[in-house]
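The tour below goes from the whole chain to single residues.

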Amino acid sequence: EIYGGVWTSQPLRSAETNEVDLYIGYGFPLSNDWKIDTGLTSYNYPETVVNTKTGFSTYESYLGLTGGNFAGFTPSVYGYYDWKLDNYTVQASVGYSLPIKQIGTSLDFAATYGYTANTGAYLSNKAPGNYWGVGVTVPYKLAPNATLTGGLQYAGNDENTSSFADKSYKLYYTVGLTLGF
């Protein structure tokens, strides 16, 4: 199955910059429960200033194994490589969906752990690091090809963990609209 899309982050605070990502991928089944997923993502930051030029973009490829069903839990593991930043990431996730049939939705729980490291000169002063996150989302089907999703996420990393109030730990909300064609 071939897929593609646009993902964007439009922060409400002026201190954060916008992000618009384009992705395309291909997933193919290994069995009834497992599949291989591969693709490319272009990350675009139109408001970021780098060397007096506005706008920054980079691109990465990915390969992942997803699926299975272990007592309702669905695991995945992915590898990513950013070709411009010369950076690789390995990420493992697990999800669990709790149906709420009375209102036609579910509570979708997720936990993620990842490791990222720079292998080249672009970010040579950046040490390898770990990151993690947990969250819950509630998808609501608006139409056969449209789903509205709201969620609450908590994430952190080990770049600067000197105190709980550090910016390396974040609690944030998400709102999404998925359209299929």
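Each stop says what to select and what is there.

**Before starting**

This is a predicted model, in which local features need pLDDT of at least 70 and side-chain atom pairs count only at pLDDT 80 or more, while totals for chains, interfaces and linings use all residues. Residues are numbered from 1 along each chain as its sequence is written, and side-chain values use heavy atoms, with hydrogens and water left out.

**Stop 1: the whole chain**

Show the protein chain as a cartoon; it has zero helices and ten strands. Helices (H or I, at least four residues) and strands (E, at least two) are DSSP runs, numbered from the N terminus. Along the sequence the pattern reads β-β-β-β-β-β-β-β-β-β.

Accessible areas come from the Shrake-Rupley method with a 1.4 Å probe; for residues, only the protein chains shown count as cover. Of the 181 residues, 26% are buried. Buried means under 20% relative accessible area, exposed means over 50%, and partly exposed lies in between (1.4 Å probe, protein chains only).

Contacts (heavy atoms within 4.5 Å) can also be sorted by separation in the sequence. Among those between residues at least 6 apart, 35% join residues at least 24 apart.

**Stop 2: T58**

Select T58 in strand β4. Is T58 buried or exposed? T58 has a relative accessible area of 4%, so this residue counts as buried. The side chains of T58 and D82 are joined by a polar contact of 2.6 Å. A polar contact is a pair of N or O atoms within 3.5 Å; within protein, one must be able to donate a hydrogen and the other to accept it, and residues adjacent in sequence count only if both atoms are side-chain atoms. Leaving out residues up to four places away in sequence, T58 touches T41, S42, Y43, D82, K84 and L85.

**Stop 3**

Rings of Phe, Tyr and Trp (its six-membered ring) pair if their centres lie within 6.5 Å; planes under 30 degrees apart count as stacked, over 60 as edge-to-face and the rest as tilted.

The structure holds eleven aromatic pairs. Another pair to display is Y81 and W83, which is edge-to-face because the ring centres are 4.7 Å apart and the planes are at 80°. Y81 is partly exposed, at 24% relative accessibility.

**Stop 4: S93**

Select S93 in strand β6 (residues 87-100). A polar contact of 3.3 Å links the side chains of S93 and T112. Beyond residues up to four places away in sequence, S93 touches T74, P75, S76, A111 and T112.

**Stop 5: a nonpolar patch**

Return to the surface and select L12, Y140, L142, L148, L152, L171, Y173, V175, L177, L179 and F181, which form a nonpolar patch with about 1300 Å² of accessible area together. Which elements give two or more residues to the nonpolar patch? They are β8 (129-143), β9 (146-157) and β10 (169-179). β10 gives the most, with five residues. Patches are made of residues with over 30% relative accessible area and no salt bridge: like charges are joined within 9 Å, nonpolar side chains (Val, Leu, Ile, Met, Phe, Trp, Tyr) within 5 Å. A salt bridge is a side-chain nitrogen of Lys or Arg within 4 Å of a carboxyl oxygen of Asp or Glu.

End on L152, in strand β9. L152 counts as partly exposed because its relative accessibility is 45%.
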